[in-house]
Amino acid sequence: MIPGSFSYHRPTTLVDAVKLLWTLGDEARPLAGGHSLVPMMKLRLATPEHLVDLHGIADLKGIRRDGSKVLIGAMTTQHDLLASDEVARSIPILHEAALLIADPQVRYRGTVGGNVANGDPGNDMPALMMTLGATYRLEGPDGGREVAAADYYQGAYFTAIEPGELLASISIPVPPAGHGFAYEKLKRKVGDYATAAAAVVLTMSGGKVATCTIGLTNLSETPLLADAAAKEVIGTGLDAATLKKAAAAAEAIMAPAADARGPIEYRKHVGGIMVTRALQRAAANAA
Amino acid sequence: MNDMTPTREQRTAALEGMGCKRKRVEDIRFTQGKGNYVDDVKLPGMLHGDFVRSPHPHARVKSIDDSEALKVPGVLAVITAETLKTVNLAWMPTLAGDVQMVLADGKVLFQNQEVAFVVATDRYAADDGINKVKVEYEPLPPLVDPFKSMDPNAPVLREDLAGKTSGAHGPRKHHNHIFEWTVGDKELTDAAFNKAEVTIKEMISYHRTHPSPLETCQCVCSFDKIKGELTIWGTFQAPHVIRTVVALIAKLPEQKIHVIAPDIGGGFGNKVGAYPGYICAAVASIVTGKPVKWVEDRIENLTATSFARDYHMTTEIAATKEGKVTGLRVHVLADHGAFDACADPSKWPAGFFNIVTGSYDFPTAHLAVDGVYTNKAPGGVAYRCSFRVTEAAYCIERAMDILAQKLGMDPAELRLKNFIKPEQFPYHSALGWEYDSGDYGTAMRKAMETVKYAELRKEQEQMRAAFKRGETREIMGIGVSFFTEIVGAGPSKNCDILGIAMFDSCEIRMHPTGAGIARMGTKSQGQGHETTWAQIIATEIGIPADNIMVEEGNTDTAPYGLGTYGSRSTPVAGAAIAMAARKIRAKAQMIAAYKLEVHEDDLEWDIDGFRVKGLPGKFMSMKDICWAAYNSVPPGMEPGLEAVSYYDPPNMTYPFGAYICVMTIDVDTGVYKVRRFYALDDCGTRINPMIIEGQVHGGLTEAFAIAMGQEIRYDAEGNVVTGSFMDFFMPTAVETPHWETDFTVTPSPHHPIGAKGVGESPNVGGVPAFSNAVNDAFSFLGSTHIQMPHDFWRNWAAAKSLGVFASA
Amino acid sequence: MAKTHITMQVNGAEVEGLVEPRTLLVHFIRENLQMTGTHIGCETTHCGACTVDIDGMSVKSCTMFAVQANGSDITTIEGMANPDGSLSALQEGFRMMHGLQCGFCTPGMIMRAQRLLKENPSPTEQEIRMGISGNICRCTGYQNIVKAIQYAAAKINGVEFREAAE
C-alpha cells in the first residue's frame, strides 16, 4: 500500500494554487486533509502526477462572521469547527455533525472543504451545507464564482467544479435565533460512513413548524434535500401521522446502494427513521 | 527475632509469585516504543518483497510478463511458480495434510491469491514493481457457496487432486470434498432420537471471520551463502515448528536454520500457520544473497492469511419432556477455502470439535464433519480458541437455548438440569474426552445470583408486554452461555503437528547471585509470559520474580516447544516450568542439607528456602543455595543449578465459565445496546489475576465483534467485500461494552500447579452469550434461530421477518 | 523521482532527510529516523497505531507525506518519557492499569491520550472513549486503557486516583 510517484507543490497563495492546477491540468490534484485522497493513492486507485498541497495558503483557513453569514475557509479542519465558538453559537448543527465525522485524529487533518468538495456521497458536510443553504466560492483561472451547495452535486464524485477550479470558502447564512436543529446519523462504528443520516433545521411558531429544511446523507449518489418531506411538516405540530408522511416522502427520493451497511430496503427504512428522529429532536430544541 | 526480620507474608509478597497481580515487565519497553517487532528488524542491504495478487477468485493463469516490472528502478527479481519449481517449492505442505500453492501454478483459486513475488531495494520500489507485472487470466466459474461444493456439476477447483479418491483423512466423496470425519456411536444415537419425547433440529452457522491482530504477518529472511545458514525473524506463534517445517521442505539441515520470533503484535491464531510470504522471502534471500523482508498489508492479511470458522452445523438434540438430554447429533459442513490449511493438530481434521457435547451429560452423541473446497482463502485457524472449540461451544450453547424454548423452560434452568455433576469427574464424554474437573452448578448459580437473573427475567416479561401494547420499540434479550473449553494440546497420544508430539518445555538456569533465566518453547504475543512464567518459578523456588528473566522465541537458545496457541501455554508450558523448577529445588535441597549438615529428609521448604524441621533458626535461603551451587556442592555432585523439563501432559485441561449478556435492541433500526455483560471464568489456579482479567476483557471484545458483525464476506462472484477495517467490524472504545469479570477456582487435578489456561475462554463463551441474547430478545416474537453476525441491518431484517412492521 | 530536503523537530531534536514526495511520514520516522516505536497497523487511517503529535495535533502518520511535515514539531512515543528517563504519567498508567498486552497499539494510544489530556485534563469515561476512538486495540477491550488514562489524569492533576468500582 504505497502511493505512486508524484511531484509535490506547495503554493502559498490561492492565485498560485489555481494557476498550478490550471497549468498542470488533469494530472494534478489538490491535497487538503488527505484522508480521502491518500488512501486512494496507496491503493493506486488514484495516481496523480502532481499534488498541490493547500496547507501553505493561510487565506484558506479560518472561520469568521460576516454580517448575517458565517464564512468558513476551505482548509478549516473539522477540529477547528469544533473549537469555534462562532460555530457553536450560530450554527450548532455543524458542531454536532463534526463530532460524528470520522475520529479525533482525522478531524485534526480533515477539512471542511475536502469534505464538501469531492462529491463523495458518504461525506456528512454536503447534506448539511445544502440544508443550511450554503454557497461555495470557487476560484478558477478566469476568476471566482459562487455556486449554491444545492446546485453543486451532480453524481457520485461528480460536481459542478470545473477543471482548474478550487473551492476557496463556504458561506453559510446564519439560521434564525431559536431555530431547532438535529443531525441524526446511523453508523456501524466510529469512522464509518452513515448507513443513513438526516439533517434538520427548522423554526417553530406557536407549537407548529414554521420553516423546515431536511437534508439526507449517503442515501443516494448525491446528498439530497427532502423538500417534499419538509413541506409535509410545515404548519404541523409533528404529530405521528405527519411524521409518518414526512418519512415516507423522504424515503421516496432515497436511492441508496446495497452494501455492507445493509440492503437498499433497510437503508431507506432507517433513512426515514433518521428523518423522523431529527425532526422530533429539532422541534424539541427549538425555542 | 528483631523488628527487621520480614514476616512470612512479607517474604511471600517479596517473591511476587503465583496469585500476585504483578505488573508486567514487558510494559517498560512497550510503553516507550522500544519493543522489537519484525518490521523493526533492519539489516544491511535488506531488500523488500511484495506480492502480485489475483483479482479473480477462480481463473487460469495464461501468462505472467515481468519485463516491465524488471525495468522499474530498484526492482531486482520477480519470482513466480516457475522460479519456485526449480527448488521444488511451488507448493508447500499444510498443517492439515493438504498441499497449497506458494505462488499460482497454472490457476488461481481465491481472490488475492499470491501470483508473483517482486523483490526490490525498498518497499516503495517493490510496490511500483507489482503494478507493472502483467498477468493474463482466463476467468473460470467461481464456487462460493459451500453447500454447492459437492453438487454433481460443481466446478473442479483442485486439478492437482484429480483422480485422488482419498486424502490425508480418508476417502473423498467428490472432487471438491476434502474429508469426512465421524465420532461417536451412530446406532445408539439414532436409537435415542427414535425414542425421544422431544427433539430439536436447527442449522446453526458460524460465519467466516478473521483474527486480524494489529500487527500483520511478516518476516525477514537472511541466507548466509558462505555458512549455508538461514536466519528467519518472523511473527511466529510456534517458532520451533517453523524451523522444522523449513528444514523438511527446504531440505536444509535443521541446525543451520535459526528462527527468531521477536516481540509479536498480537496473534490470536493468525500467526500459527506457514504462509507463502515466508517461503518467498526465504527463496528470494537465497537467490539474491541478501536479507529480504516481507510485510503483509492489512488487506492482504484479511483476505489471504488465515480465516477462522466458516462452520455450518446442523444440530439435533433429543430430550425427555422434563428436559433431560438423551442424545446429540451434529453434522458439520466445513468450508475450508481453496486449500485445507487448518492449523489443527495433524490427526484432527475438525480440531477438537467433538467437545460439542459441552458441559452436559449426554449419554450418547454422534458427529460427522464434511470438509469441502471453495474459491476462498485457505486457513481455518483457531481465532482465540482451541481448535474449533468455539464453533462447538456456539453450536451446543445455541442448541440448548433452542431446546429450552421448545420445552418452555428457562435456558439457565435447562443447563442446571443437564450439567455434568461434580462427582462425575473425571468425566468421560460420549464423544471421547475425559474432562478433568469442574463444578458447573456452583459457577452457574453464582453468575445468576450476581446479575439477579430472576429479576432480569421479570423485567423482560414487562418489557415484552409493553412492546406488545405498542409502548416501546425496544426488546430485551438475556443471553446465557455456559461453556467448557478443552485446551492444553496436548497429550502426545492425541496430538501432534506433522508428527511432532505436542509437548512443551522449559529450561531454567540459576546464576550464583540468586538470579536466573528461564527459556521456553512458547511464544507470547501479548499474554505477558515474561511476567507470569517468572511468577511460577518464584513460588516454586523462592527467588523473586524480578530476579528471573524469561526468554522466548529464539530456537537456538530455547528448548524445543510447540508454541503458543489454543490456550496451551499455561496447561503445557506452565507445567514444564513447575517441573523444571522442582528439579532445581530438589538439587537445592541436597545442597542445603549438605551445608546445614542434616539429612535431606530433615529439611522442609519454607517460602524462599529450606529450614531444618523443628529448628526454626537453621535456615538456608534459595539465594544462598544458588551461590553454594557454584562453589561448595556436596562431594560427587556436579556444580551448577539448572534444569530442563519437557512436559507431555497426561490429559487436556477443561476450563469453564458462565457468561450472561443483557441486551436491548431497537427493532426499527436493529441497533443494539449491551446493557450488561458478566463473565465468570474458572481456569483453575490463577497465576496473575490482573493478566487473567485482561485476557478476559480482550477475548470478550473479540467475541462481541464476531457475534455482532465481524465477518469475512464474499459476494456471489467470489469477491471479498470486507477487506479493510472500514467494512471488517473492528470495534473502537466507543462501541465496546463494559465488562464485569468474576471467577471460581476448580484446579486441574493432573496439572502440577492446577492451572487450566484462560486466554481463549472469553471468545469461546462470549460468542454464544451475545448470540443467545439476540435470539432470546426475538424469541417471544416466534423465532427459534437467527444466524450470526447480528449487525444492525440483520437485526432489523429479523424483526421484519417476524412481522414487527406488519401493522405499522 | 527527485528527492526533497526536509527538516523538522522530532522529540526536541532537529532532524533532516532527503525524501521522495510520496514518502509517508510514518516511513520517514521508522526508516530514515530509525525510530520504530511508531507502528503501522491498517494503512487505511482506521487503527491509529501510527499516531504521532504534530504541532499540537494527533495525526495518523500513515496518511500524511513526510514533505508535508517539513518545518513542523513532532513528538513520537520515543519522546514521551520524563526528562530523567522515568516513565511519564501516561506510560506509568498504562503499566499500572494493565492497559496494554501485545504493545503494538500502545505507542499510538499513548500519543493520542497525551493530546487528549492536554485538551481535556479531566475527561469523563465517555470523553476518553470518544477521545481514543481513532485507535484500535485488539487485546485489551479498552477498559483498562480507559483506566490507564484516568490514572494519568489524576496523577497529572495531583489528585488521588480511585479505580472505578467494578
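Buried residues make up 56% of the 287 residues in chain A; a residue is buried if 20 or more other C-beta atoms, placed from the backbone, lie within 10 Å of its own. The model is predicted: local features need pLDDT of at least 70, side-chain atom pairs count only at pLDDT 80 or more, and totals for chains, interfaces and linings use all residues. Residues are numbered from 1 along each chain as its sequence is written, while chains are lettered from A in the order in which they are written.

Chain A holds twelve helices and 14 strands. Helices (H or I, at least four residues) and strands (E, at least two) are DSSP runs, numbered from the N terminus. The radius of gyration of chain A is 19 Å, which agrees with the value near 19 Å for a compact globule of 287 residues. This radius is taken over C-alpha atoms, and the globule rule is 2.2 Å times the number of residues to the power 0.38. Along the principal axes, the C-alpha atoms of chain A fill a box of roughly 60 × 45 × 35 Å.

Chain A is divided into domain 1 (7-56), domain 2 (58-173) and domain 3 (180-285). These bounds come from an automatic or database domain assignment. In chain A, the C-alpha centres of domain 2 and domain 3 lie 21 Å apart. Contact joins 21 residues of domain 2 of chain A to 21 residues of domain 3 of chain A; two residues are in contact if their C-beta atoms, placed from the backbone, lie within 7 Å. On the domain 2 side, H8(A) gives the largest share, six residues. By class, that side has 14 nonpolar, four polar and three charged residues. Ala, Val, Leu, Ile, Met, Phe, Trp, Tyr, Cys and Pro count as nonpolar, Asp, Glu, Lys and Arg as charged, and the others, Gly among them, as polar.

Between the chains, 16 residues of chain A are in contact with 22 residues of chain B. Helix H12 (residues 264-285) of chain A gives the most to the chain A side, with four residues. That side has nine nonpolar, two polar and five charged residues.

In chain B, three strands form an open antiparallel sheet in the order E6-E2-E8. Strands E6 (107-108) and E8 (134-139) of chain B each have a single partner strand, so one side of each is left without a neighbour in the sheet. Two strands pair if DSSP finds at least two bridges between them. Strand E2 (residues 59-65) of chain B is joined to E6(B) by two bridges. Arg60(B) stands opposite Lys107(B) in E6(B).

Methods. Buried ≥ 20, exposed ≤ 12 C-beta atoms within 10 Å, placed from the backbone.
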